[in-house]
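Reader: Please show me the structure and take me through some of its parts.

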Amino acid sequence: MNDGPDAARHARLAHAVMRRQAALSIRVAAIFVVLVFGLPLVNLYLPELANARAGAFTWTWLFLGVLFYPITWLLSGYFIRASDRIEAECADWRAVLGEEAGEPLEPGGVGDVKPGFVASDEEATRR
Amino acid sequence: MTEYIPVLFVLAITAVTVWLGIYATRQSQTASDFFVAGRSVSVFWNASAISGEYLSAASFMGIAGLLMKNGYDVLWYPVGYATGYLFLLLFIAGPLRRFGAYTIPDFAEGRFDSPLFRKIAVTFVLLIGFFYTMPQMKAAGVTMNAILGWPYWAGIAVVGTVITFNVALGGMKGITFVQAFQYWAKMFAIAAPVFVLMNVFGGYHTRLGENASAPGDAPRVAQDTTLKFKGAASAPANAVSFSTLGDTRMSFPNGAKIDKVSPVRKAEPGEDRMPREAGSTLPDRANQPVHSLGEWNPNSGVPPRAGIIARPFTVTKNSEPVLKDGKPVKTAPKIEFAEPTTAVLPAGSYVPNAPTNKKWLEPFGPLTSKHGYPLLYTYSLIIALVCGTAGLPHILVRFYTNPDGRAAKRTTFWVMVLLGVFYVFTPIWGVLGRSVLPALYANNATDSVVIKLPTALSSPVLGQVLAGITSAGAFAAFMSTFSGLLVSMSGALAHDIYGRMLRPQSSGAERLRAFKVAAVACGVVSMLLGYLVETFDIAMMVGWAFAIGAASYFPLLLLGSWWRGLTKYGAAAGMLLGGTLSLLAIVGSMLLDKKILALDVSPLTRSLMEQPAIWGVPLALGVMVVVSRLTARHVPGDVDVKMLRLHAPEEMGFSKNYIEH
């Protein structure tokens, strides 16, 4: 089932979908890498700044112990919205591939690749 | 009578858990019932269940204790867990759910069409699982010791047996409901008592501010304090590092046997031995001769009712003071007990083993600087926690209960909210503990701060009620995580090893029996392992489980989901090499800590052994890429279809029709 024009389309479609999602994921991850790997550098090279008092807290404690969590919520909320948008766009796969309307892509050709790990009753009793 | 209050709380939470398990099991008779039920679970409840399973004893007790002990650096633990979920969200949650793989062995086999790879993946389920059960077992022992005074092993035996039977009897089938309940029980138990305690003992910021205002000071005991110490069998928890800020007297009502006396700061080559004036044994009433700590002979014990006095001293080299930043370097004696004993610390003494306020409050304190490479240690810890969260065998299973990839992402978001709120509270316990119960430092008992702190309240009833609530929370923590791990491990044994390798023709009933046998076996092994790790910090042991997961499963899932060129040979080689070398490094580090292995390794090597993620993760990723390139002709022929199945939205119809309802 990997022969014929659909196989080539599958390849291009997979590329297109993954590229968009990956670009988004990497963008958000990069912000985190900068935050999480940058803070130890600030702590090491700018200790006066990191240990300056913010009320009774020090800045670095306040950031890591309290403020960090809301930042993760904001960024993951942004990611989910952007990711949903990409999925909505990709649902129109012909637009993604830049093709004219024509023969439909056969999803059935994918579905009959039946993996060996389909949940059956006896297997699932283990959980 | 009030000391029985916590026992009632613990019995109550255990009874509710067992009952909920039975109730929920009745509700879902068949496995497909379970999956359908799983799909109808709302995002919010599913997120509660994931959080409930995730918040282990390490989160509930370990972080508070480790933070009390080491200060700021420990904030990285909860931050690492939370960031780990973010990376799970960004790279793994959606694809994995779409692929329909509900365990890592499933993913391994489905992605590479290789049953052999399933076997490798199963091995790691067991490996990571056992490493992760050890801290849960320690928590059980510590909690039972704290609330009932049971010996450490008895707590492990009783709690482990109860949970093992609960799992073996099938009480965990209705897992979602139970775990969701456990999350809210834990959230209440960590948060509610804190408000009462802050009201009495001062707020989070007030107590932190005290540390910042007096950077050179350290905690002292307010009253004469009797402490129980452990013997050499519990090394390194038998060590007492005296304060460098002033003299410390310690008297021994029953005498003491001291194995070893050494300076706290390890002497560098060429430096003089510890001087005579570093302290001495105090004469008992019979006026026995006084021994100098500086010239300690291991055979000279301290007689009953006598004591020791330890004095800070200046480090010298050829009788000249050693300088650092223009100031003479000071240190103090450290003693290691040979046998368990009791000691009295008089009111106003500086507490041994407690870092000074400045070291505790500021980054690069005792945790990360202990081997002299604080930045390296910090980074390696972060990598282990972030990447390891994606490699926990019992967590990924839960994403399958989402109806689709989109819901999987939303669930992950809510998990981050629920965990984040929880983790804002845990450090407060450590901060209050440092001010209110500093005696826990002296005998290395900071892991029990969550249980012990409420008992410092002047009202015994209120104190015991709050201690009961936190004890119940701790129970919920190790019950939910230990149950989840037991289910994962027994499932791997019964389903993958027995059902697929040993007896592929076995019937469902036989596999169910295999599951029960496996659950009991895994439970017994976990209890034995737990017995051995009494002296290790809970949160640190969890860090090790994460480091192994980070160097084995995380690279597999990341590259498996995103890189078409990954072959089974590349994935297997990277996973085996990264996981095995990390494991060896960690076991070596444990043996060095326990002093079973006497080996002189450089501080850099020691840091890299204790926190292997910084080389383990890149190594595993690198090996996967290189070996995959070399075996490129083994890339599965339908790799594009697999990639679409991982990434295409459900509406496109690539992922719908192969999971049978």
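Predicted model: local features only at pLDDT ≥ 70, side-chain atom pairs only at ≥ 80, totals over all residues.

Author: Residues are numbered from 1 along each chain as its sequence is written, chains are lettered from A and ligands numbered from 1 in the order in which they are written, and side-chain values use heavy atoms, with hydrogens and water left out.

Reader: Which strands of chain B stand at the edges of the open sheet of three strands?

Author: Strands are DSSP runs of E with at least two residues, numbered from the N terminus, and two of them pair if DSSP finds at least two bridges between them. The order in chain B is β2-β13-β4, with antiparallel pairing. Each edge strand has a single partner, so one side of each lacks a neighbour in the sheet; these strands are β2 (239-241) and β4 (258-263).

Reader: Which residue of β13(B) is the bridge partner of A239(B)?

Author: Three bridges join β2(B) to β13 (residues 333-337) of chain B. In one pairing, the partner of A239(B) is E336(B).

Reader: How many disulfides does the structure hold?

Author: A disulfide is a covalent bond between the sulfur atoms of two cysteines. Here the term is applied to a pair of cysteine sulfur atoms within 2.5 Å. Over all chains, the number is zero.

Reader: Is C522(B) buried or exposed?

Author: Buried means under 20% relative accessible area, exposed over 50% and partly exposed in between, with a 1.4 Å probe and protein chains only. At 2% relative accessibility, C522(B) is buried.

Definitions and conventions
Helix = DSSP H or I, 4+ residues; strand = E, 2+ residues; numbered from the N terminus.
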